[in-house]
Amino acid sequence: MHLRAMTYNIHSGFGQNGYDLHAIGSAIEHERVDLVALQEVDFGLRRTGYVNQAQWLAAQLKMHAIVGGTRRQGRYGNALLTRWPATFVMNHNLTVWPHPGRACLEVHLTTPKGALRCYVTHLGLLPQERMVQVTRLTEEIIAADEGHEPIVLMGDFNTVPRSRVSSQLRSRFTDVFAAVGNGRAATFHARLPGVRFDYIYAGSRLTPIASHVAVTPWSTQGSDHLPLVAVLSTASGGKRS
């Protein structure tokens with residue numbers, strides 16, 4: 001089975017022309033994805049009209065929404081939109097004091113071809129902070145699951161491909177765009193992309209088929225990041241980059 005996954009930092013729906021959650025929804029819908037890892041999502045904050053953005057997008061796209069708060073008493077953080085029901089959800093704390101709250105949302109899904117484990121995260125702004133977070137991700141949170149079921153790790157890692165954080169992740173997973181990407185890899189800033197912060201990593205039981213940065217009229221105005229899309233196969237024996 002092939003599945004289409006996306007990671008998208010939506011910047012609370014604030015883009016080139018101000019607040020436009022409809023543009024975010026259209027950018028996602030255009031790619032016909034099965035999974036969407038979202039970062040910087042508001043869950044009922046005043047600044048965005050008390051809308052739970054994950055639930056609103058899920059309703060528009062006819063998907064399930066699972067949320068994982070990181071700040072503002074859990075009303076801001078990460079989310080996963082999925083076409084399949086969740087069988088397990090856990091929000092792992094990745095906060096490195098005294099920096100702002102960070103987390104990794106773990107969601108187990110039942111797909112037509114069996115179980116799938118998804119991890120959605122948004123790492124910190126400082127290199128030392130990110131190294132602590134990625135070590136916990138690889139050695140504690142994901143390590144217990146690796147090798148048993150297909151795993152996909154998605155998010156805004158706030159780091160470039162040649163960093164220590166990226167190198168550590170590539171030693172355990174396949175950087176899907178690096179393996180099979182087409183076109184430019186830059187995802188930030190949406191108006192003039194010059195750097196890559198957003199990644200989709202696949203475990204050994206997922207085979208990368210294709211990947212691209214989605215540049216559309218909606219994605220260039222909906223957020224300060226562009227969404228990254230990947231096509232993955234659940235056939236065993238995925239390659240590493």
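**Close-up views of cores and ring pairs**

Tyr19 counts as partly exposed, at 34% relative accessibility (partly exposed lies between buried, under 20% relative accessible area, and exposed, over 50%; 1.4 Å probe, protein chains only). The model is predicted: local features need pLDDT of at least 70, side-chain atom pairs count only at pLDDT 80 or more, and totals for chains, interfaces and linings use all residues. Residues are numbered from 1 along each chain as its sequence is written, and side-chain values use heavy atoms, without hydrogens or water.

**View A. Phe14 and Tyr19 form a tilted aromatic pair.** Their centres lie 5.2 Å apart, with 50° between the planes. Rings of Phe, Tyr and Trp (its six-membered ring) pair if their centres lie within 6.5 Å; planes under 30 degrees apart are stacked, over 60 edge-to-face, the rest tilted. Phe14 is partly exposed, at 29%.

**View B. Phe188 and Phe197 also make a tilted pair.** The centres are 5.6 Å apart and the planes stand at 35°. Phe188 is partly exposed, at 25% relative accessibility. Phe197 is buried, at 17%.

**View C. Phe157, Tyr199 and Tyr201 form one aromatic cluster.** The model's count of aromatic pairs is 5.

**View D. The largest nonpolar core has 27 residues.** Such a core is a set of buried Ala, Val, Leu, Ile, Met, Phe, Trp, Tyr and Cys residues joined through side-chain atoms within 4.5 Å. Leu35, Leu80, Leu109, Leu116 and Val152 touch the most other members. Another core, of 21 residues, lies apart from it; Ile24, Phe43, Leu61 and Leu81 are among them.

**View E. Leu116 has contacts beyond its neighbours within four places in sequence.** Contact means heavy atoms within 4.5 Å. Its partners include Leu3, Leu35, Val107, Pro150, Val152 and Leu206.
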